[in-house]
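The stops below can be selected one after another.

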Amino acid sequence: MKLPKNINILDTTLRDGEQAPGVAFTVDEKIQIAQKLDQIGINTIEVGFPRVSDGEKVSARTIKNLGLNANICGLSRVLKEDIDTLIDSDLNYMHTFIGTSKLHRDYKLKMSKEEILEKAIYAVEYGKDHGITVEFSAEDATRTEENYLIEVYKSVESAGADIINVPDTVGVLFPSATKELISKIKNNINIPISIHCHNDFGLAVANSLIAIESGASQAHVTVNGIGERAGNASLDEFVVALKVAYTLDNLKIDTKQLFNLSEYVSKLTGIKIPINKPIVGENAFAHESGIHVHGVLENAATYEPINPEMVGHTRKIALGKHTGANGLKSKLKEYNIEINQEQFSQVYDQIKNLGDKGKTITDADLKAIAITVLGKVKNESIKLVGLTVISGNTVSATATVKLSINNKIEEKSEIGVGPVDAALKAISRLVKEYIDIELEEYNIDAITGGTDALAEVFVIISDSKGNKATGRSTQEDVVLASVDAILNSINKIIAIK
Ligand code: KIV
Ligand code: ZN
């Protein structure tokens with residue numbers, strides 16, 4: 001396959017990614033992310049839309065003046081004021097856009113084809129007159145009449161644009177259509193072509209790859225694929241596919257940093273990475289079934305397309321009802337837990353039992369089970385002695401929790417958004433000296449109907465070292481069930497420390 005010699009990656013996490021509902025980066029966060037993107041070798045970083053706010057201007061200017069290797073680009077409409085603000089923010093790379101589809105012309109812009117063409121040419125010429133690099137996007141290109149789209153691109157090329165971008169603004173492209181469109185544009189245009197895919201139908205990465213196959217030399221991507229609606233093409237998936245599936249060896253991206261970058265952006269945005277997300281998801285290199293684990297332990301390539309180290313991730317042998325003896329043995333070995341055959345059978349049966357009930361089993365759970373089977377279980381070090389909660393619409397929810405911690409009675413009160421939140425905060429403060437806890441997951445189910453229904457609470461708690469343990473409790477009182485489940489998981493983590 002003949003791919004363009006040099007493929008450029010434009011990362012737009014800080015612009016299109018930030019347009020994801022609920023995402024807004026501070027200036028500092030933008031700087032941190034830009035530095036990380038530069039470190040992994042991104043060619044161009046779109047840092048924002050300077051005309052939008054003073055903060056955007058400040059972050060654009062600060063990032064530009066950091067002297068990174070990457071080109072620093074900003075978005076602008078085809079308006080003089082937008083372009084002036086962009087230049088005023090010290091940027092010398094402009095990504096300018098105007099909608100070209102009939103929908104955008106008639107309903108959003110209320111402009112004729114000619115007026116749009118005129119504005120596009122004006123913006124490109126204005127940018128070039130000011131000596132900056134100009135990337136032009138025909139917004140909603142993939143729903144624009146093809147002849148008109150080509151006319152627009154040809155006109156901006158003549159006006160001096162350095163690169164044209166083809167945005168699939170609402171993610172309606174599919175691979176064969178992408179190939180046809182990009183090939184056609186390539187036959188009519190001599191400047192580089194870029195592709196910008198949205199993921200409305202889950203095809204953003206596939207369409208970006210086929211665009212590259214068809215002659216585009218740049219793709220817009222975002223970390224974790226965050227962006228408007230269903231997001232954009234995901235940086236990690238696109239890069240790894242190019243390197244591995246397309247065997248492209250001159251892509252200068254340090255893939256080893258992809259996992260950390262993904263976690264970092266997920267933390268800042270609060271957008272969790274789906275557990276089964278390719279490349280960076282928690283399960284991307286996790287194996288549970290006995291057959292797979294057996295294969296992986298002999299040679300990981302049997303059930304892995306790439307080594308997790310390539311992207312800075314780690315392999316995980318998960319526990320559940322599909323666990324085989326080999327998998328369990330390797331887990332016990334990993335934690336230096338030595339048990340005899342009879343004890344092994346007991347641990348194995350318990351894992352299978354929990355798995356059959358559809359329960360999550362963490363590594364800390366396994367250690368706690370093994371410790372119990374070995375008879376080394378410590379007495380519960382933290383016990384509930386008293387719990388009082390006040391809640392209602394006229395008071396802040398308050399919880400007073402009294403615990404026995406290593407036989408010493410301690411009490412604390414906290415307020416929260418509700419009694420469970422208040423109780424968790426009180427417990428966190430009480431146990432802080434021994435363990436720094438974070439609630440990873442909280443689920444509650446009513447087992448029976450009625451106001452006296454039994455509540456089943458399931459939690460996953462983690463500590464600062466990454467130990468995670470589950471906790472369960474079933475009681476009539478929701479707050480008591482929650483507190484009991486939380487203490488149950490804390491005791492498990494303490495037991496294995
Ligand atoms: O998706 C889109 O059309 C965009 C434009 C600003 C290029 O992000
Ligand atoms: Zn977009």
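**Before starting**

This is a predicted model, in which local features need pLDDT of at least 70, side-chain atom pairs count only at pLDDT 80 or more, and totals for chains, interfaces and linings use all residues. Residues are numbered from 1 along each chain as its sequence is written, chains are lettered from A and ligands numbered from 1 in the order in which they are written, and side-chain values use heavy atoms, with hydrogens and water left out.

**Whole chain**

Of the 497 residues, 51% count as buried. Buried means under 20% relative accessible area, exposed means over 50%, and partly exposed lies in between, with a 1.4 Å probe and protein chains only. The accessible surface (Shrake-Rupley method, 1.4 Å probe; for residues, only the protein chains shown count as cover) is about 23200 Å², and 48% of that belongs to carbon and sulfur atoms. Among contacts (heavy atoms within 4.5 Å) with a separation of 6 or more, 64% are between residues 24 or more positions apart.

Now colour by domain. The assignment gives domain 1 (8–253), domain 2 (286–374) and domain 3 (382–496); such bounds come from an automatic or database domain assignment. The centres of domain 1 and domain 2, taken over C-alpha atoms, are separated by 44 Å.

Select residues 218–221, which form strand E8.

Two strands count as paired if DSSP finds at least two bridges between them. Look for Asp11, which stands opposite Val221.

**Helix H8**

Show the side chains of H8. Eight of its 10 residues are buried, so the helix is largely enclosed by the rest of the structure. The buried residues are Ala204, Val205, Asn207, Ser208, Leu209, Ile210, Ala211 and Ile212. They pack against strand E6 (163–168), helix H7 (175–188), E7, E8 and helix H9 (235–245). Just after H8, select Gly215, which takes a positive phi of about 120°.

**Cysteines**

How many disulfides does a search of the whole structure find? It finds zero, a disulfide being a pair of cysteine sulfur atoms within 2.5 Å. Select Cys73: its nearest cysteine sulfur, that of Cys197, is 17 Å away. Cys73 is buried at 0% relative accessibility, and Cys197 is buried at 1%.

Move to residues 382–390, strand E11, which pairs in the antiparallel sense with strand E12 (residues 397–405) over eight bridges. Leu384 stands opposite Leu403 in E12. A hairpin joins E11 to E12 through six residues.

E12 is also joined by nine bridges to strand E13 (residues 408–416), again antiparallel. The bridge partner of Ser404 in E13 is Ile409. Two residues lie between E12 and E13 in this hairpin, and Asn406 in the turn has a positive phi of about 50°.

**Two last residues**

Select Asp421, in helix H15 (residues 419–431). Asp421 is partly exposed, at 25% relative accessibility. Its C-alpha atom is 58 Å from that of Glu125, 296 residues apart along the chain.

Finish at Gln39 in helix H1 (residues 27–40). Gln39 is exposed, with a relative accessible area of 53%. Gln39 and Asp168 are 28 Å apart, C-alpha to C-alpha, and 129 residues apart in sequence.

Methods. Helix = DSSP H or I, 4+ residues; strand = E, 2+ residues; numbered from the N terminus.
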